[in-house]
Amino acid sequence: MSDTAASRDAWPRAVLFDLLTALLDSWTVWNRAAGSETAGRTWRAEYLRRTYGCGAYVSYEQLVREAAEHVGLPASAPQALEAEWLTLPAWDGARELLQALRPHCKLAVVTNCSKALGHQAASLLGVEWDVVVTSEEAGFYKPDPRPYRMALDRLGISSTKAAEVAEVAFVAGSGYDLFGTSALGLRTFWHNRVGLARPEGAPAPDCEAPTLAPALDWLRHFRTHA
């Protein structure tokens with residue numbers, strides 16, 4: 001086999017992405033809507049606690065509002081977040097990574113979001129997604145396995161066959177994804193941009209970095225390190 005063929009064969013069959021923390025800088029928009037970084041982080045932490053403990057889908061917009069109210073923010077904060085939704089910036093290197101992967105792998109989003117807002121946010125990356133799965137469509141929030149399974153099934157990859165799942169990579173933005181990806185056997189790169197602590201009991205990722213820069217090399221040699 002030629003070096004070129006060997007390199008091509010080392011790519012995963014598909015790459016699934018968390019959206020709002022792995023590829024898009026939602027932190028900045030949340031902080032701006034809240035009025036400060038401290039308030040934004042507190043609000044986001046409460047929202048994440050509610051989301052990852054929720055299981056079956058409850059309106060994303062409702063959880064955002066309830067989290068804001070719980071931490072003492074006015075109703076104008078979630079309203080501002082939704083009003084600025086289409087200004088969500090991509091992290092440095094996100095678009096470049098997706099364009100580099102596009103010739104080699106199927107690309108999918110698995111995001112804890114409503115269908116409307118999730119598809120709007122996915123469109124900001126400027127790539128043709130093969131599949132976009134939101135928690136609303138799956139009926140459950142990550143890290144419940146069902147959103148990941150829906151993405152795999154829609155890609156034509158059997159979520160019940162370990163050998164097929166092993167050919168798929170996941171790029172996470174939150175450590176909570178590690179519970180769900182490990183349960184399915186999805187090897188995971190954690191783009192831990194803001195230096196979050198790994199949740200207690202969460203399995204370690206294959207790779208963790210504060211930027212997306214190492215992800216391309218990890219994915220290029222994905223199958224050689226299986």
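Trainee: Which helix gives the most to the lining of the largest pocket?
Mentor: In this predicted model, helix H4 (60-70) and helix H5 (76-83) each supply at least two lining residues, helices being DSSP runs of H or I of at least four residues and strands runs of E of at least two, numbered from the N terminus. A pocket is an open set of points on a 1 Å grid with protein on both sides within 12 Å along at least five of seven lines, and a lining residue has an atom within 4 Å of a point. Of the 15 residues that line the largest pocket, the closest to its centre include Glu61, Val64 and Arg65. The most, six residues, comes from H4.

Trainee: What is the mean pLDDT of the protein chain?
Mentor: Local features need pLDDT of at least 70 and side-chain atom pairs 80 or more, while totals for chains, interfaces and linings use all residues. Residues are numbered from 1 along each chain as its sequence is written, and side-chain values use heavy atoms, with hydrogens and water left out. Over residues 1-7, pLDDT, the predictor's confidence from 0 to 100, stays under 50. Across the chain, 96% of residues reach 70 or more, and the mean is 93.

Trainee: Which helix gives the most to the lining of the second largest pocket?
Mentor: This pocket is lined by 13 residues, with Trp27, Ala45, Leu48, Tyr176 and Leu196 nearest its centre. Five residues of the lining come from the helix that gives the most, H3 (residues 37-52).

Trainee: What is the volume of the largest cavity?
Mentor: A cavity is a set of grid points where a 1.4 Å probe fits but cannot get out, and the count comes to two cavities of 30 Å³ or more. The largest cavity is lined by residues including Leu20, Tyr47, Thr51, Tyr52, Asn112 and Lys142, and H3 supplies the largest share of the lining, five residues. The volume of the largest cavity is about 110 Å³.

Trainee: Is Asn112 buried or exposed?
Mentor: Asn112 lies in the loop between strand S2 (106-111) and helix H7 (115-122), and it touches Leu20, Tyr47, Thr51, Tyr52, Tyr60, Ser135, Tyr141 and Lys142, not counting residues up to four places away in sequence, where contact means heavy atoms within 4.5 Å. Buried means under 20% relative accessible area, exposed over 50% and partly exposed in between, with a 1.4 Å probe and protein chains only. Because the relative accessible area of Asn112 is 6%, this residue is buried.

Trainee: Is the peptide bond from Lys142 to Pro143 cis or trans?
Mentor: Most peptide bonds are trans. Pro143 is found in the loop between helix H8 (135-138) and H9. With omega near 10°, the bond from Lys142 to Pro143 is cis.

Trainee: With which side chain does the side chain of Arg146 make a polar contact?
Mentor: Arg146 lies in helix H9 (residues 145-154) and, at 40% relative accessibility, counts as partly exposed. A polar contact is a pair of N or O atoms within 3.5 Å; within protein, one must be able to donate a hydrogen and the other to accept it, and residues adjacent in sequence count only if both atoms are side-chain atoms. At 2.9 Å, the side chain of Arg146 makes this contact with that of Asp144.

Methods:
Grid points are joined across faces, edges and corners, and a volume is the space filled by probe spheres set on the points.
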